[in-house]
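Please read it alongside the sequence and the coordinates.

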Amino acid sequence: MRFLPLTKDDRAAMLATIGVRDADALFRDVPGPARAALASYDLPDAKGELEVERILSRLAKRNVAAGDVPSFCGAGAYRHHVPAAVDHLIQRSEFLTSYTPYQPEISQGTLQYLFEFQTQVALLMGMEVANASLYDGSTATSEAVLMAFRLTKRGKAIFSGGIHPHYAATTETIANLHGKVVRAPVAPGRVADLTSMIDEDTACVIVQTPDVFGLIRDLKPIAEAAHAKGALLIAVVTEVVSLGLVESPGSQGADIVVGEGQSIGNGLSFGGPYLGLFATREKFVRQMPGRLVGETTDAGGKRGYVLTLSTREQHIRRDKATSNICTNSGLCALAFSIHLSLLGEDGFAMLARINHARASALADRLEAIAGVKLVTPNFFNEFTLRLPRDAAEVVETLAGRGLLAGVPASRLMPANRDVRELLIVAATETNTDEDCAAFAGALEEVLK
């Protein structure tokens, strides 16, 4: 009991207080098959530190790193070049160790870069205010839905079929006690009509652009339909580089814009830590989750920074908080801000153009292969192909040849048999002409 000071009587009292019979009842929302799978794990006995290092090193060597071979994987996590200056600057001790502004009046450096970050995000999203970041894109989406529930006093959220499935699943998990999440049918490469699903109970409609299949969406019609019923439009952006070329969601009528900031300043890093972006209209600011840094002047008339709003549960009573997210991914936000500052407005737009040109050339090349069909008629740097056979099998075969060909849609939607032949492909500035040629040649050979 060295590390578990609670007695059996303590645990029984806590379970009785919340009204459950035993600890297993706390996990009743976890699907049965998932819980049963835990018992089947063949875990080894305890090992020494050196032995564990050796085992994990051997395990890590089984991975194929995106930087070691031609990689065309995307689907919400994108490989972009991060300038060396970014890592150099964020590892300075005053940034690396200054995690969060619990004493904001003496954290002027942290507050200043968060203020600059907010300014950049608001400009990119075409919105009036942005917070000082959240966990990642999926949790930012769920927070946006909870915010819409509070603003509209309604409890129904409609997800477009083109939303990344992980984002929708995260929102269902977090929001299921507050309202109902309804998913529209999946329609790869097409814009499904959501207007018939919107009614007087709808709090918000959530649309991703470019969507999980790469399709760029025109948000204006769905914004008008949502507003006509008193609902809000939440726009989701998983590839923030697209905003260097595509019209911002705010200018298309979105009320809340959320996204994943990993593409700027943050490497793939085996899936995290990532960076949640969140922006909205000024009239909604008091229901916005997280922190909001503002600029002011001190007693001597000098410019200074403050926490204008901090509505997290760490700062106020839990039942009054708009969010219980306990971090703002501060170092990732700093990396984002540094990278975007190094690019500048012209550089960011040029990066976006390079990405689009690279993807367009690759799509033309792959579509020319017999049996391959391009599903997405318009896209940014990611598109979906329909192959003449199971896409997951093709990806596995090409991986064995030292090429990461993309993400099979079936990996994101395993229960949907209609997407088994769909392959989601992303091309960025990191892909060379030789990479694209190798991909086209290998795919043609495998499909033969």
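Which residues does Thr384 touch, not counting residues up to four places away in sequence? The numbered points begin with this residue; the model under discussion is predicted.

1. Thr384 is part of strand β11, which spans residues 382-386. Beyond its sequence neighbours up to four places away, Thr384 touches Phe213, then Lys373, Leu374, Val375 and Thr376, and finally Leu422, Leu423 and Ile424. The relative accessible area of Thr384 is 0%, and since buried means under 20%, Thr384 is therefore classed as buried.

2. In helix α8 (residues 165-175), the buried residues are Pro165, Tyr167, Ala168, Thr171 and Ala175. These residues lie on the same side of α8, because the arc they cover around the axis is only 160°. The elements covering them include the helices α7 (137-152) and α12 (409-412). Strands also contribute to this cover, among them β2 (156-159), β3 (180-183), β5 (232-237) and β6 (256-260).

3. Helix α10 (residues 330-367) packs with helix α13 (residues 433-447): their axes come within 10 Å and cross at roughly 25°. Angles under 35 degrees count as roughly parallel, so α10 is described as roughly parallel to α13. The crossing of α10 past α13 is right-handed. From α10, the contact is made by Arg358, Leu362, Arg365 and Leu366. From α13, the contributors are Asp433, Cys436, Ala437, Phe439, Ala440 and Leu443. By class, the residues of this contact comprise seven nonpolar and three charged, with no polar ones.

4. Which residues make the contact between α11 and α13? Helix α11 (residues 391-400) packs against α13 at an angle of about 120°, and the two axes are 10 Å apart. This angle makes α11 oblique to α13. The crossing of α11 and α13 is right-handed. On the α11 side, the contact is made by Val394, Thr397 and Leu398; on the α13 side, by Phe439, Ala442, Leu443, Val446 and Leu447. The residues of the α11 contact with α13 divide into seven nonpolar and one polar, with no charged residue.

5. A remark on α13 concludes the note. Phe439 and Leu443 of α13 take part in the contact with α10, and Phe439 and Leu443 are also listed in the contact with α11.

Terms used: Residues numbered from 1 in each chain as written. Predicted model: local features only at pLDDT ≥ 70, side-chain atom pairs only at ≥ 80, totals over all residues. Heavy atoms only, no water. Axes fitted to C-alpha atoms, helices over the stretch in contact; angles between N-to-C directions. Helix = DSSP H or I, 4+ residues; strand = E, 2+ residues; numbered from the N terminus. Parallel < 35°, antiparallel > 145°, perpendicular 65-115°, else oblique. Left-handed = near helix turned anticlockwise from the far one by under 90°. Contact = heavy atoms within 4.5 Å. Nonpolar A, V, L, I, M, F, W, Y, C, P; charged D, E, K, R; others polar. Buried < 20%, exposed > 50% of the residue type's maximum accessible area, 1.4 Å probe, protein only. Arc of directions from axis to C-beta.
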